[in-house]
Amino acid sequence: MALLPVKFDLKKRVKLAQTVWFMYWFAVLAGVLVLSMGLFFKIELRKRSELMDNNESHFLPNLLILMGLIACSINVFGGKVCYDSLDPEKFAKWKPMLKTYLVFCVGFNALLLVTALLCFLMRIPMQFTLAEGLRNGMRYYKDTDTPGRCYMKRTLDLMQIEFRCCGNDNYRDWFEIQWVSNRYLDFSSKEVRDRIGSNVDGQYLMDGVPFSCCNPSSPRPCIQAQMTNNSAHYSYDHYTEDLNVWKRGCRDALLSYYGGMMSTIGALVILVTMLEAGVTVGMQYVHSSLSNLANPEDPESESEGWLLEKTVKETFTDIMDKMKSMGKGSKVEEGEAAVETVS
Amino acid sequence: MPFMPVKFNLQKRVKLAQGLWMLYWFSVIAGILIFSLGIFFKIELRKRSEMMDNNESHLVPNLLILVGLLACGLNAFGGKVCHDSLDPIKFSKWKPMLKTYLLLCCSFNVLLVLVSLLCFLMQFSVYLTLAEGLSYAIRFYKDTDTPGRCFMKRTLDMTQIEFHCCGNNNFRDWFEVQWISNRYLDMSNDVVKDRVLSNVEGKYLMDSVPFSCCNPGSPRPCIQHHLTNNSAHYDYDHRTEELNIWTRGCLEALFSYYSSLMSSIGVFVLFAIILESVDMAGLKYLSTALETMAEPENPECESEGWLLEKGVKETFSDLLTKLKTLGRTNQVEGGDAPEANT
């Protein structure tokens, strides 16, 4: 008893083939979309690779690019087969490959679903990568003369300006590191020497933040230095001052940016999976309806198309039997080879 | 003697009609592009309208939007005519309108030339508006409590950050205005009082710039205050320090942005003019080829198509005579009317 059988006459077959061909072209566009999303994600990761300590995982964008390319190629092939399906001679050429093709499509769909799941799960390792990378980024902010780190200051400044954030968790992170290079500190000055002497690591710490933390929406000119000292500035209370510097931490900001991107990509991949499932089902119907024409010579005869030749349970047991016989076949071959070598 | 005649058989006519139909659809897309460029330009002007003192001229973007819509409409009609041209019954419906349509297309092309010219010439107006607007913007930077100007500080800061510029012509423009509001100045402080009294207008001037002038590419943390005082900072010489703050003026930066935008739009409109002219020529050939069929009943007969029925000189003199007769008829009618009155 076939699963979900549908009767087809010539007109219905033609309509089905045309619809499935059309859907295949949409699926090609969807494949291109997945490819471009993978490329975009890869570029975005590369752009801020310095802030992720140069060891971010490119697994997900590479997978998306691969899936996009495979989707494009199998959908183009499927579209071609659909186009030829109404001409019996051309279709006979493709017929033997169709069964393998459909099995491959099912496998590909499963892989797409796994990719979509990964898009949502990879947020967690990204969190750790960002936390570590940003901490190091801030520590190397002052090292504009060290090869390999000269652009850390610029990258961090541009990022704080673009994402409207300051520091790792908040702006106080800047109070805990020395972000002014020793080249620009006058060591003959008593004030500088006092500050350096005041902590164990000998760092020049201050309650100031870089200019990129400043919020342009503040009604007063930005207060960057001596931020916790109310008396240093007229009419200033650092407890109530909201708009002076960005309050958000950069880890938060970057994570929500990348997280949002990955969630959107994941949702789109799920939609693409549904589309692919649809075209696979359509192709199966086209294949089955053309394979059992009542009268093979007469193209206008009736035929029946189905999703599975037998029911789900029977198909499953069939596959298990096939795999067992394949396993037994190789065992028998091994046994024979062993017997041959022994004798 | 017709101008540039070409012989057509059925196959050639069909090919011409198909090619022209495709070209008309490209022209529709070009029209849509002009429309969207007009909208984009309008949005860009609106975004920085505060920098231009809110009196920038929206003539060019409005014209572009209008021209884009007209182009879409005219080219869609032309495409429809081409599509129907191979069916004599459908084509006879459009035949009487074709002459007027071609005249309309001609005047539309003239309009496009005008728009393209404006795109290049209005850049001067944009420059002057920007110069005035920016000087006001710098003056009103501190007025974050004045209604109508509260966002000037934010807009100017974001502009300086985005366009990598500082001040109107250069960063010294900030030394000439008071950019800190009096609300944040301790008037009881001697230093403040001295500064305010040191100039005629009683402004608190200093040799400092806002934070948005800072260049993130500088190797050292940004020096905003006491810019001209070398001894205020360790190892600092303001004459040789290049990367500390942006050295470019915002007038130059904004103007180069808008002028390149307007020039690109102008060049694109020139392409559209060429495309429209080709469309017109093609349609003229198609319509004349279909009109001069040797045997109107036999669609497969030969025919001849041309650009102008007579030579260029003759067509021109014909036009002039027509205009003159129009004028004379008016005069004659005018002469008749007074006679009728008397």
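Predicted model: local features only at pLDDT ≥ 70, side-chain atom pairs only at ≥ 80, totals over all residues.
Local features were required to have pLDDT of at least 70 and side-chain atom pairs pLDDT 80 or more, whereas totals for chains, interfaces and linings use all residues. Residues are numbered from 1 along each chain as its sequence is written, chains are lettered from A in the order in which they are written, and side-chain values use heavy atoms, without hydrogens and water.

Chain A is divided into two parts: domain 1 (3-138 + 252-309) and domain 2 (171-247). Their C-alpha centres lie 53 Å apart. In chain B, domain 1 covers 6-125 + 253-299 and domain 2 covers 171-247. Here the C-alpha centres of the domains are separated by 54 Å. The bounds come from an automatic or database domain assignment.

Helices were taken as DSSP runs (H or I, at least four residues) and numbered from the N terminus. Two packed helices are described by the angle between their axes and the distance between the axes. Axes are lines fitted to C-alpha atoms over the stretch in contact, and angles run from 0 to 180 degrees between N-to-C directions.

In chain A, helix α2 (residues 59-84) packs on helix α3 (residues 88-121) at about 155°, with the axes 10 Å apart. That angle makes α2(A) roughly antiparallel to α3(A) (over 145 degrees). The crossing of α2(A) past α3(A) is left-handed, meaning that the near helix is turned anticlockwise from the far one by less than a right angle. The contact of α2(A) with α3(A) has 22 nonpolar, two polar and three charged residues. Asp, Glu, Lys and Arg count as charged; Ala, Val, Leu, Ile, Met, Phe, Trp, Tyr, Cys and Pro count as nonpolar; the others, Gly among them, are polar.

In chain B, α5 packs against helix α8 (residues 250-291). The angle is about 155° and the axes are 10 Å apart. α5(B) and α8(B) are therefore roughly antiparallel to each other. α5(B) passes α8(B) in a right-handed crossing.

Q123(B) is found in helix α5 (residues 123-139) of chain B. Q123(B) is buried, at 12% relative accessible area (buried: under 20%, 1.4 Å probe, protein chains only). A polar atom of the Q123(B) side chain lies 3.4 Å from the backbone oxygen of S259(B).

W246(B) lies in the loop between α7 (190-197) and α8 of chain B. W246(B) also counts as buried, with 14% relative accessibility. The C-alpha atoms of W246(B) and Q160(B) are 8.6 Å apart, although 86 residues separate the two along the chain.

Methods: Helix = DSSP H or I, 4+ residues; strand = E, 2+ residues; numbered from the N terminus. Parallel < 35°, antiparallel > 145°, perpendicular 65-115°, else oblique. Buried < 20%, exposed > 50% of the residue type's maximum accessible area, 1.4 Å probe, protein only. Polar contact = N/O pair within 3.5 Å; in protein donor to acceptor, adjacent residues only side chain to side chain.
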